[in-house]
Amino acid sequence: MRDGYDASGLFAFGQKGLIVFLAFLNAFVPLSIDLYLPALPGMARFFASSESAAKLTLSMFMLFFGLSMLIWGPLSDKYGRRRILRLGLALYVLASFWCAVSGSMGQLIAGRIVQALGCGAVQAASMAIVKDVFRGRIMENVLVWIQTMTVICPLLAPVLGAFLLRYFTWRGLFYILLGGGLAGIALSFALKETLGSALQSSPLRTLGRIGFVLRDKGFRSLLLIFSLATMPFMAYLSTSSFIYENMFKTSSQVYSYFFAANASCGLFGPLLYMRVLRYLPRGPFLAACFGVTACGGLLLLLFGSLGPWHFALIFICVTFVGSSSRPVGALLMMSQHDSDNGTVAALMSSSGLFCGSMAMLACSLGWSNLVYAVGIICIVAGSLCLAQWLYACRRKSFKNPDRM
């Protein structure tokens, strides 16, 4: 399919409607994670359980979400995107109802696991649809809008959740998520199947396509690079509240302003990329992004502990280059294979989630200064990405959708 491919016939509301629908589907995960965060303390009190048990509703969601995509992606290559998408949305709706009526923390955790399985199917199928339908610059535009949605939702969801808690209990938040799942199911009937030729192997052999895709040296090197690139922001996500509130002694409200400013720069990155940065040569552009990340980590070690503004201004640069590089990273990875689109999409998401989780784990190892933890992760991740990227470019080990 060429850059100008017309996808309007695949969705009842046209090509723009399809792009909006795909962005909506990719909002399920950040909304499911962040909308109920303000309710976590209240949920722990309601069930008379510990904060650690309440946090399991988040960590177990992340674990099963990442693992499930490795199953749903290959299965969507065999059974089709629509079937897996609808199954995932149905699971999501049932699990949201399960969470809303839970009578114990154990039931709630179990409901969140099923909700994560549904989200994994939605994410894998929606990203596979992007690769099925779009190519070149059009795919790049779609990925930018999806990336923008994944930045906006974590920014707005906690604020929206706190507002809704004025009028609803925590159970009401899960009913709202249930409504989003029902809307997704309704809209899925406007979508035509985008899978060209289904895999003819058995379900078990279909899962073996993961190994087939990973044997591609070009895809494997790119997957490593852009999975490592997720680590700095995930480290920031897990430590920022402790850095601002415990180390710098800011109030939770002031912390929310710093967090919002950082997220806004994350939103600005892909938008500026679509307007300006996409026309730069990809090789030097990505090398500069990885270099800035490593330099940002060094600056955090030297100056990040001096105060909240020092930390914020340095990490804003890291966030900006990270969000700017994500659309081109996704485009490069998706361009390595003309088949197995579901498997490719699943590996991209789950591998990035795994590396991000490792960064979160590293930040929980009892650091006396969490700014140093974030700085070291930025240096290590940025340096490894830069070295691997320069090596891959020199060896020309991957396909380029256009000139580098």
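The stops below pass through helices, cores, cysteines, loops and the end of the chain.

**Before starting**

The model is predicted: local features need pLDDT of at least 70, side-chain atom pairs count only at pLDDT 80 or more, and totals for chains, interfaces and linings use all residues. Residues are numbered from 1 along each chain as its sequence is written, and side-chain values use heavy atoms, with hydrogens and water left out.

**Stop 1: helix 1**

Select residues 14–26, which form helix 1. Helices are DSSP runs of H or I with at least four residues, numbered from the N terminus. The expected span of a helix is 1.5 Å times one less than its number of residues.

Now colour the helix by accessibility. A residue is called buried under 20% relative accessible area, exposed over 50%, and partly exposed in between, using a 1.4 Å probe and protein chains only. Why is helix 1 described as largely enclosed by the rest of the structure? Ten of its 13 residues are buried, so the helix is largely enclosed. Among the buried residues are Leu18, Ile19, Phe21 and Leu22.

**Stop 2: helix 15**

Select residues 308–334 for helix 15, which has 27 residues. From first C-alpha to last, helix 15 reaches 38 Å, close to the expected 39 Å. Where does helix 15 bend? The bend, of about 30 degrees, is at Arg326, and Pro327 follows within four residues. A bend is the angle between axes fitted to the seven residues ending at a residue and the seven starting there. Helix 15 is also mostly covered, with 20 of its 27 residues buried.

**Stop 3: the nonpolar cores**

A nonpolar core is a set of buried Ala, Val, Leu, Ile, Met, Phe, Trp, Tyr and Cys residues joined through side-chain atoms within 4.5 Å. Select Val130, Phe134, Phe174 and Trp389: of the 100 residues in the largest nonpolar core, these touch the most other members. The largest share of this core, 14 residues, comes from helix 6 (residues 105–133). Apart from this core lies another, of 17 residues, among them Tyr236, Ile243, Leu300 and Val371.

Return to Phe174 and display its surroundings. Contact means heavy atoms within 4.5 Å. Leaving aside neighbours within four places in sequence, Phe174 is in contact with residues including Tyr36, Met43, Cys99 and Arg112.

Next, select Ala116 in helix 6. Ala116 is buried, with a relative accessible area of 0%. Beyond its neighbours within four places in sequence, Ala116 is in contact with Phe61, Phe64, Phe65 and Ser68. Its C-alpha atom is 8.7 Å from that of Ala95, which is 21 residues away along the chain.

**Stop 4: the cysteines**

A disulfide is a covalent bond between the sulfur atoms of two cysteines. Here a disulfide is counted when two cysteine sulfur atoms lie within 2.5 Å. How many disulfides does the structure hold? The structure holds zero. Select Cys99: the nearest cysteine sulfur, that of Cys119, is 10 Å away. Cys99 is buried, at 0% relative accessibility. Then select Cys317, whose sulfur is 8.2 Å from that of Cys265, the closest cysteine sulfur and too far for a bond. Cys317 is partly exposed, with a relative accessible area of 41%.

**Stop 5: two loop residues**

Select Ala48, in the loop between helix 3 (40–46) and helix 4 (51–79). Its phi is near 55 degrees, a positive value in a residue other than glycine. Is Ala48 buried or exposed? Ala48 is exposed, with a relative accessible area of 73%.

Move to Lys249, in the loop between helix 12 (231–247) and helix 13 (252–275). Lys249 has a positive phi of about 60 degrees although it is not a glycine, and it is exposed, with a relative accessible area of 66%.

**Stop 6**

Select Ser221 in helix 11 (residues 217–228). Ser221 is buried, at 8% relative accessible area, and its side chain reaches the backbone oxygen of Gly218 at 2.9 Å. Leaving aside neighbours within four places in sequence, Ser221 is in contact with Gln388, Ala392 and Ser397.

Finally, select Phe398, in the segment after helix 17 (370–395). Phe398 is buried, with a relative accessible area of 9%. The C-alpha atoms of Phe398 and Asp216 are separated by 8.9 Å, although these residues are 182 residues apart along the chain.

Definitions and conventions. A polar contact is a pair of N or O atoms within 3.5 Å; within protein, one must be able to donate a hydrogen and the other to accept it, and residues adjacent in sequence count only if both atoms are side-chain atoms.
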